[in-house]
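Trainee: I would like to go through this model with you. Could we begin with what counts as a contact?
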Amino acid sequence: MGNDKIKTQPLAFNLQAQGEMQESASNFYNMVRSRRTVRDFSNKPVPKEIIENCLRAAGTAPSGANHQPWHFVVISDPELKHKIREGAEEEEREFYESRAPQDWLDALAPLGTDANKPFLEIAPYLIVIFGEKFSFDTEGNKLKNYYVSESVGIATGILITALHNAGLASLTHTPAPMKFLSELVGRPATEKPYMILVTGYPAENAEVPAITRKSLEEIASFRGDD
Ligand code: IYR
């Protein structure tokens with residue numbers, strides 16, 4: 001079980017000419033740089049097929065030992081969204097009123113966030129993302145997963161990018177603790193809630209904080225002569 005070396009096949013690699021590579025890199029940067037986290041959503045419906053394809057994209061992420069330790073629960077049911085909002089706001093009230101240290105509250109002040117999360121009911125879809133601490137093989141044996149948070153983080157990054165590319169806005173929402181989500185959406189204790197990705201169209205005239213991104217020089221260092 002599980003010890004056979006996997007068969008290999010030729011890599012299907014799209015080798016691009018240098019000019020084409022430069023254009024690809026620049027086009028992709030221009031596409032992702034226009035993404036902004038949105039907190040003000042429209043209730044305009046989104047075709048489910050778009051979400052499905054974005055999830056397929058997320059599912060291509062690399063993962064520890066290729067165990068693909070993620071699960072996405074896509075919620076459009078108004079009643080369930082209402083319950084998630086109630087659960088999240090309860091946690092958030094505690095966070096903002098007592099749990100958060102002052103430095104954290106100060107860091108959040110420019111974003112203007114508070115314990116009210118109306119977007120959890122307004123946005124057409126809440127994607128609740130879980131990391132699987134264990135998987136099961138085809139015979140039902142428990143398999144330990146590796147680098148779960150890294151793997152789920154990469155998959156979530158691809159999902160956020162895929163949604164943006166498809167013309168949708170998203171918001172990473174992490175009420176803490178998130179245990180209430182497992183019970184509400186009926187996932188087993190072997191899975192840890194990772195975050196809620198709220199998605200849909202932005203509200204008309206939605207505003208976002210006027211923030212900037214660090215420059216390349218600030219985020220990267222190069223060692224070498226080239
Ligand atoms: N989870 C809280 C607080 C919060 C924390 C961080 I770090 C943010 O970047 C934004 C919010 C909330 O959702 O309000």
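Mentor: Contact means heavy atoms within 4.5 Å. Please keep in mind that this is a predicted model.

Trainee: Which residues is Glu 89 in contact with, leaving aside its neighbours within four places in sequence?
Mentor: With those neighbours set aside, Glu 89 is in contact with Ala 115, Asn 116, Lys 117 and Pro 118. Glu 89 itself is found in helix 3, which spans residues 78-99.

Trainee: Is Glu 89 buried or exposed?
Mentor: Glu 89 is buried, because its relative accessible area is 10% and buried means under 20%.

Trainee: And where is Ser 63 found?
Mentor: Ser 63 is found in the loop between helix 2 (48-58) and strand 1 (70-75). Ser 63 is buried too, with a relative accessible area of 17%. Beyond its neighbours within four places in sequence, Ser 63 is in contact with Gln 68, Pro 69, Trp 70 and Ser 151.

Trainee: Changing topic, how much space lies in the largest pocket?
Mentor: The largest pocket holds about 350 Å³. Its lining has 19 residues, and Glu 92, Tyr 96, Leu 108, His 173 and Thr 174 lie nearest the centre.

Trainee: Which helix gives the most to that lining?
Mentor: Helix 3 does, with 5 residues. By class, the lining of the largest pocket comprises 9 nonpolar, 5 polar and 5 charged residues.

Trainee: What about the volume of the second largest pocket?
Mentor: The second largest pocket has a volume of about 240 Å³. Helix 1 (residues 18-33) gives the most to its lining, with 3 residues. That lining divides into 3 nonpolar, 2 polar and 4 charged residues; Tyr 29, Arg 33 and Lys 214 are among them.

How values were computed
Residues are numbered from 1 along each chain as its sequence is written. This is a predicted model: local features need pLDDT of at least 70, side-chain atom pairs count only at pLDDT 80 or more; totals for chains, interfaces and linings use all residues. Side-chain values use heavy atoms; hydrogens and water are left out. Helices (H or I, at least four residues) and strands (E, at least two) are DSSP runs, numbered from the N terminus. Buried means under 20% relative accessible area, exposed over 50%, partly exposed in between (1.4 Å probe, protein chains only). On a 1 Å grid over the protein atoms alone, a cavity is a set of points where a 1.4 Å probe fits but cannot get out, and a pocket is an open set with protein on both sides within 12 Å along at least five of seven lines; lining residues have an atom within 4 Å of a point. Grid points are joined across faces, edges and corners, and a volume is the space filled by probe spheres set on the points. Ala, Val, Leu, Ile, Met, Phe, Trp, Tyr, Cys and Pro count as nonpolar, Asp, Glu, Lys and Arg as charged, and the others, Gly among them, as polar.
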